Amino acid sequence: MDVYEAVKSRRSVRGFKDEPVERDVLERVLSAAAWSPSGSNIQPWNTYVMTGAPLAELKTSAVERVAHGDAWDKRQYEMYPAGLKPPYGERRSAFGKERYSALGIAREDWEARQRAAIANWNCFGAPAALFCYIDRDLGLPQWADVGMYLQTVMLLLRAEGLHSCPQMAWSQVRETVAEVLSPPDGLILFCGMSIGYEDPTVSYARTGRAPLGETVTFLGD
């Protein structure tokens, strides 16, 4: 797949088939993603991949926990600033409106919105999931490195005909994830990522992007 096509076709898919993803495909993607850039070659990502029975166990535990209304785990990083100034707050609000409108959920229908949110912890039906950790002692540049790594993973998945959905929501149930993965002390769960083949019957709204002139400034000829 052409790189431009991979970039433009990548999106956060929230509906997957139960068709399994082969282990060798995941290994090929993650072996190539290891070449992602990182300052001084620190390679700050710590990745766990789950399929089959372990993932099914985690899905069940997480969904039951959220459905029971248990308190979220204390966040280890700030997901969003308390007050998102323009234009960031408006973009976030527009995304929420577009997503729930595509699902036919009214703004005031809180129960339906909760059901849609719970799908996060079922990985939207995906048969594979990735969980990415970073050492708590590392700094903001290393967090940026992790972001580049995850983007590389998602583009390579597109090259394999797969889709994905990165989910910071997993950080809110990080203790449930840790019960299954048993990560070393000192690691922070940044996000999970659902991986699989898209279910074309699930409705979605493709979110737009700001005009180039709004985010990019050119200088020179």
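Val173 touches Arg65, Val66, Trp72, Asp73 and Trp121, not counting residues up to four places away in sequence; contact means heavy atoms within 4.5 Å. The model is predicted, with local features requiring pLDDT of at least 70 and side-chain atom pairs pLDDT 80 or more, while totals for chains, interfaces and linings use all residues. Residues are numbered from 1 along each chain as its sequence is written, and side-chain values use heavy atoms, without hydrogens or water. Val173 sits in the loop between strand 3 and helix 7 (174-181). Helices (H or I, at least four residues) and strands (E, at least two) are DSSP runs, numbered from the N terminus. Val173 counts as buried because its relative accessibility is 0%. Buried means under 20% relative accessible area, exposed over 50%, and partly exposed in between (1.4 Å probe, protein chains only). Thr201 lies 28 residues from Val173 along the chain, and their C-alpha atoms are separated by 29 Å.

Lys59 belongs to helix 3 (residues 52-67). This lysine is buried yet has no salt bridge, defined as a side-chain nitrogen of Lys or Arg within 4 Å of a carboxyl oxygen of Asp or Glu. The nearest side chain of opposite charge is Asp18, 9.5 Å away. For charge, Lys and Arg count as positive and Asp and Glu as negative, with His and the chain ends not counted. The Lys59 side chain instead reaches the backbone oxygen of Ala126 at 2.6 Å. Beyond neighbours within four places in sequence, Lys59 is in contact with Trp121, Asn122, Cys123, Gly125 and Ala126.

Cys123 has a positive phi, near 55°, in a residue other than glycine. Its place is the loop between helix 5 (110-118) and strand 2. With a relative accessible area of 0%, Cys123 is buried. Ser40 also has a positive phi, near 55°. Ser40 lies in the loop between helix 2 and strand 1. At 74% relative accessibility, Ser40 is therefore classed as exposed.

The loop between helix 3 and helix 4 (88-102) contains Pro87. A cis peptide bond joins Pro86 to Pro87, with omega about 5°. Tyr80 lies in the loop between helix 3 and helix 4. Its relative accessible area is 37%, so Tyr80 is partly exposed. Leaving aside neighbours within four places in sequence, Tyr80 is in contact with Arg92 and Met168.

Helix 6 (residues 140-159) has 20 residues. From first C-alpha to last, helix 6 reaches 29 Å, close to the expected 28 Å. The expected span is 1.5 Å times one less than the number of residues. Buried residues of helix 6 include Gln142, Asp145, Tyr149, Met154 and Arg158. Their cover includes helix 1 (3-9), helix 2 (23-33), strand 1 (46-51), strand 2 (128-135), strand 3 (163-167) and strand 4 (187-196). Gly161 follows helix 6 and has a positive phi, near 80°.

Strand 3 has four of its five residues buried, so the rest of the structure largely encloses this strand. Strands 3 and 4 run antiparallel and are joined by five bridges; two strands pair if DSSP finds at least two bridges between them. Ser164 has Ile195 of strand 4 as its bridge partner.

Conventions:
Polar contact = N/O pair within 3.5 Å; in protein donor to acceptor, adjacent residues only side chain to side chain.
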